[in-house]
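Please look over the sequence and the structure below before reading on.

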Amino acid sequence: MPGTPYPNKQMHRIAYTKLSERQIADKLGTVAVSGPTSVSPISDVFAGKSLRIVTDKGPALSYTFGRDNRLSLVENGGSAVDAGCGALTLNSVVFFSHLIPGTQRGYAVVVDQDTNLATVFELWFSGYQDNREVQREIYYGYVEQPGQQPPATRHVTTNRVEGKGFYWKQDNGAETLEFYPSAAYSHFVELSRLGGELGFCGPSDYIKINDDAFIYTRTECEFSGIFTAYVMDLNRVEQIGMRLGFDASDKLEYYVFRGKGEWLGQLAQFEKFGDESGAPVPAAAAGQTPAKGARRVYRPFLTMPKMSKAEVDAACAKKTAVFAPASGPGAMMGANRGPGTGWLAGKGLTLRYDNAPAMEYRFDDAETLNWRKEGDNSWTKARYQAWESMPGVILFGHLLEGVPNHDGHSIVADFHQGLVTCFNGYLNTPYFANEAGVKTLFGVIEMEGLIPPKYNRHHFTDEMVGRAVSQNYAPGLTSMHLYSTPHSLSWIIFTDTDAGGLEWSGPAAYVKIRDGLYFLYWLEEACNGTLGTVLVNLHTMRDVGVGYHCGAEGLSMSAVGAHERLAGRFDVLRFYQVKA
Amino acid sequence: MTTDSTSTRRSFLKGGAVLAAPLAAALPAAVMADEGLKARLARMEDEAAIRELHQTWLRQINTGASDATTSLYTRPEGAMFNQAVRGIATDHSGQPDAIELAADGNSAAGRFDCAVETAAEIAQDCTVAQMARAQGGGFVRRTERRVLKIEYAKVAGVWVIEKVEFALA
């Protein structure tokens, strides 16, 4: 019986070892001498040649390439150092990488032999509080040509890759889906390494070589810290690149690779026409000079509050806010939710779930309901809000005061079909007590004058998978969802110039309510702990929903609502089908 | 610029001496004849000082150094007029700038049609807002036409700002 493709723990749940500088140095020692491994034959394009690479604000690198993947490097006129290297070519572009023995540094270099332009990535370990996270600084320059003036142009950062997505298969068998919905971050699904359940994000660089060829990098910050860089030819859908870092078991990965892929589609870009600039997120705050290698990195796991069950209980007892006034905390996320409905006021009904106790309701008015689990004698009063997203389909939410895990229900009830789906949020989850978990409850509506179906139910769907939808919650508060796998989504935050900026992702699920109407949730696991639920109406391009969150400030349920735009769709469903 | 705002301006300018831009324009000879040379010189000096104060204040607001404007006010709390203001630009489609000196020469009022850029901070109570702030954003930016009304006072021989108000244009 072969094993499953899934890891013991997903990337965001791994307690990565805090490697010491000594441990890292020891692991790099041998590899620095031998150079990166490669499945594909290493190129000897530079064998026997010498190159002097001059960079604008960085080092001058004098290389002499020998046979058998050896090189000698002189940095800034210093002493020569011998190292092992790996080089690959893609048309006119050469990509090579090496470490510097005796250090925790190395380089990845891209040379376009047609233009003699070069981009140099200096790489190093032990440059951040987590030593294993590979740091990078980018230098733009050229290969010096004796007797010739330096070229006037350089490779440049760009947004021309933004919105693209590819399936890649490396020569070592590693298969990934890689999405570039941001000009500063990227989103990747590890198909072969992790089974493709979830997608993850990392800060990225996008650099233009020419209209066909671009350089991409990714650092798996908040995870293993592994660095990946490659040159990709968008037309031929080929790549050459490298991977450097320590995997989840602290094994050093250092190899160059060649890969081929498939184009998956193109999402819309939202910058002004004519804006092709890259690196939209400044490396440092306005007026400050960025340190070497600096860039903005979203570190949600580092910064999120991590609470115990006792702390959660105390926080919930201290303050519970349910649909706070429009000007209160969290109000911005609901600014575009649209008008609520009072249709439920005065009604009574039972939501009979297949896999959970039935819930009985009496609605006093448009914002007050009474609930009890079937069989209980007493009612509990709760504040709620409701919206009719599509005729006959009402979303409403409320907290279940008094239950041990501080549950909250986000419910979509289709009164034309007699069907209901509930995302049942709860706290006291295994990793951090304030991190929300969710159960999906399917069932029917029982009320006077309504005959529900006996067998039909709402159901999970993959119809949203691959789509991207932007959300404008309020002026200045705009994001985009990329529904990248059947079990996760990514969210991208736009910059002031409407470029894709910081990005993160979490587990998700999608339920089809009607054609064009989807109820979905995402969990901000290892990232604020929020459960977000929205009902996406593709007819009106508005979503409305409920956010459920616990932090040091207490427990809250708040309205979420946005004006949306379709941003495109990637052709990815075929990668998630179970094949015989 | 609407008719209403024009009439408001006329009302604003009633009474007292009016020094409207271009302020370097020569006054009629008849007026000069009516005023003593010393009074004329004093008014021109006051006018120049207020204009310089205004330019200094604008420069500090537009370069993000609004904290530095504290010294330009009669009271430090006066500088807290609106911390959301990020820039003020002259509205060249509006009325000319005007500075009205009080008869006693110890106070003045300025009126400037302008475009005000504001950046209101979005509360950091959701992931989207926190991520926007992490990348240097997280503000609601707007540019609106306003009438900048400033009251000045002469304290120990130095002109300072007494009050700033952005009125609807």
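## Where the two chains touch

In this predicted model, 16 residues of chain B are in contact with 22 residues of chain A. On the side of chain B that touches chain A, the elements that give two or more residues are α4 of chain B, which covers residues 127-134, and β5 of chain B, which covers residues 139-155. Of the elements on this side, α4(B) gives the most, with six residues.

Sorted by class, the side of chain B that touches chain A is made up of 10 nonpolar, four polar and two charged residues. For the complex, the predictor gives an ipTM of 0.93, together with a pTM of 0.90.

## The barrel in chain A

In chain A, eight strands close into a barrel, and they follow one another in the order β2-β3-β4-β5-β6-β7-β8-β9, with antiparallel pairing. From one strand to the next, the twist averages 30°. Strands of a sheet pair through backbone hydrogen bonds, and this can happen in either a parallel or an antiparallel way.

## Confidence along chain B

The pLDDT of chain B averages 79, and 75% of its residues score at least 70. Within chain B, confidence is lowest in helix α1 of chain B, residues 3-13, where the mean is 32, whereas it is highest in strand β3 of chain B, residues 98-101, at 95. Over residues 1-24 of chain B the pLDDT is below 50, and this stretch has 32 contacts in the model beyond near neighbours in sequence.

## A closer look at one residue

A98(B) has its place in strand β3 of chain B. Is A98(B) buried, exposed or partly exposed? A residue counts as buried with 20 or more other C-beta atoms within 10 Å of its own, and as exposed with 12 or fewer; A98(B) has 18 C-beta neighbours inside 10 Å, and therefore counts as partly exposed. Although A98(B) and G110(B) are 12 residues apart along the chain, their C-alpha atoms are separated by 5.7 Å.

Note on methods
Residues are numbered from 1 along each chain as its sequence is written. Chains are lettered from A and ligands numbered from 1 in the order in which they are written. This is a predicted model: local features need pLDDT of at least 70, side-chain atom pairs count only at pLDDT 80 or more; totals for chains, interfaces and linings use all residues. Two residues are in contact if their C-beta atoms, placed from the backbone, lie within 7 Å. Helices (H or I, at least four residues) and strands (E, at least two) are DSSP runs, numbered from the N terminus. Ala, Val, Leu, Ile, Met, Phe, Trp, Tyr, Cys and Pro count as nonpolar, Asp, Glu, Lys and Arg as charged, and the others, Gly among them, as polar. Two strands pair if DSSP finds at least two bridges between them. Axes are lines fitted to C-alpha atoms, for helices over the stretch in contact, and angles run from 0 to 180 degrees between N-to-C directions. pLDDT is the predictor's confidence in each residue, from 0 to 100.
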